[in-house]
Amino acid sequence: MKYIVTTALLIAGIINILPVTGVISAGQLETLYGLSFENNDLVILMRHRAILFGLLGAFMIYAAFRPTLQTLACIAGLISMLAFVVLAYASQPFGEALRKIVIADVIGSLLLLAALIVIQIRQKTQH
């Protein structure tokens, strides 16, 4: 139980950092998402999205080793991941590439939820 929070934040952080490679180019975005990005405005938005995911992922990884930030990092990651899952399911159908992201976000969400439970248990036993 000692490493659950750290491990959960590291895995969820890595899941969020992976899309940062999309900053490189439209071609990299196409590889990541299995979609065509011919509209330059959409490419700009998606590259910015990659940066935001990188920031969130970096924060979660940093918080994995900073207990005072772990609750905030878990909540931020959980909101982001669950929002994507809800949006995806509300907008079905979606393709295979997005299905993989949904699965990764469900796994990340479950890990972060488990981490939050462990944090709560830890706080109750310290008081």
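This is a short walk through one predicted model, from the overall fold down to single residues.

Some ground rules. Residue numbers start from 1 along each chain as the sequence is written, and side-chain values use heavy atoms, with hydrogens and water left out. As the model is predicted, local features need pLDDT of at least 70 and side-chain atom pairs count only at pLDDT 80 or more, while totals for chains, interfaces and linings use all residues.

The overall picture, then. The chain has 5 helices and 0 strands; helices here are DSSP runs of H or I with at least four residues, strands are runs of E with at least two, and both are numbered from the N terminus. Along the sequence the pattern reads α-α-α-α-α. Taken along the principal axes, the C-alpha atoms fill a box of roughly 55 × 30 × 20 Å.

Of the 127 residues in the chain, 32% are buried. Buried means under 20% relative accessible area, exposed means over 50%, and partly exposed is in between, with a 1.4 Å probe and protein chains only. The accessible surface comes to about 7700 Å², and 70% of that belongs to carbon and sulfur atoms. Those areas come from the Shrake-Rupley method with a 1.4 Å probe, and for residues only the protein chains shown count as cover.

On contacts, meaning heavy atoms within 4.5 Å: among those in the chain with a separation of 6 or more, 65% are between residues 24 or more positions apart.

Now helix 1, residues 4–17. Two of its residues are worth a stop. Thr6 lies in this helix and counts as buried because its relative accessibility is 18%. Setting aside residues up to four places away in sequence, Thr6 touches Ala64, Phe65 and Gln70. Asn16 is also found in helix 1. Its relative accessibility is 3%, so Asn16 counts as buried. Which residues is Asn16 in contact with, leaving aside its neighbours within four places in sequence? They are Phe53, Gly54, Leu56, Gly57, Met60, Ser80 and Met81.

Several of those names come back in helix 3, residues 40–63. The helix has 24 residues, which at 1.5 Å a residue should span 34 Å, and its end C-alpha atoms are 35 Å apart, which agrees. The expected span is 1.5 Å times one less than the number of residues. The buried residues of helix 3 are Val43, Met46, Ala50, Phe53, Gly54, Leu56, Gly57, Met60 and Ala63. Their cover includes helix 1, helix 2 (26–33), helix 4 (67–90) and helix 5.

Ile51 and Gly34 are 17 residues apart in sequence and 19 Å apart in space, C-alpha to C-alpha.

Helix 4 next. Its 24 residues should span 34 Å at 1.5 Å a residue, and the end C-alpha atoms are 35 Å apart, which agrees. Its buried residues are Gln70, Ala73, Cys74, Gly77, Leu78, Met81, Phe84, Val85 and Ala88. Among what covers them are helix 1, helix 3 and helix 5.

A cis peptide bond joins Gln92 and Pro93, with omega about 5°.

That brings us to helix 5, residues 96–126. How many salt bridges are there? The count comes to 1, where a salt bridge is a side-chain nitrogen of Lys or Arg within 4 Å of a carboxyl oxygen of Asp or Glu. The side chains of Arg99 and Glu96 form it, at 2.8 Å from N to O. Both residues lie in helix 5, 3 residues apart, about one turn of the helix. Arg99 is partly exposed, with a relative accessible area of 38%, and Glu96 is partly exposed at 42%.

Last, the surface. Met1, Ile4, Leu113, Ile117 and Ile121 make a nonpolar surface patch of about 460 Å². Patches are made of residues with over 30% relative accessible area and no salt bridge; like charges are joined within 9 Å, and nonpolar side chains (Val, Leu, Ile, Met, Phe, Trp, Tyr) within 5 Å. Helix 5 gives the most to this patch, with 3 residues. Met1 lies in the segment before helix 1 and counts as exposed, at 61% relative accessibility.
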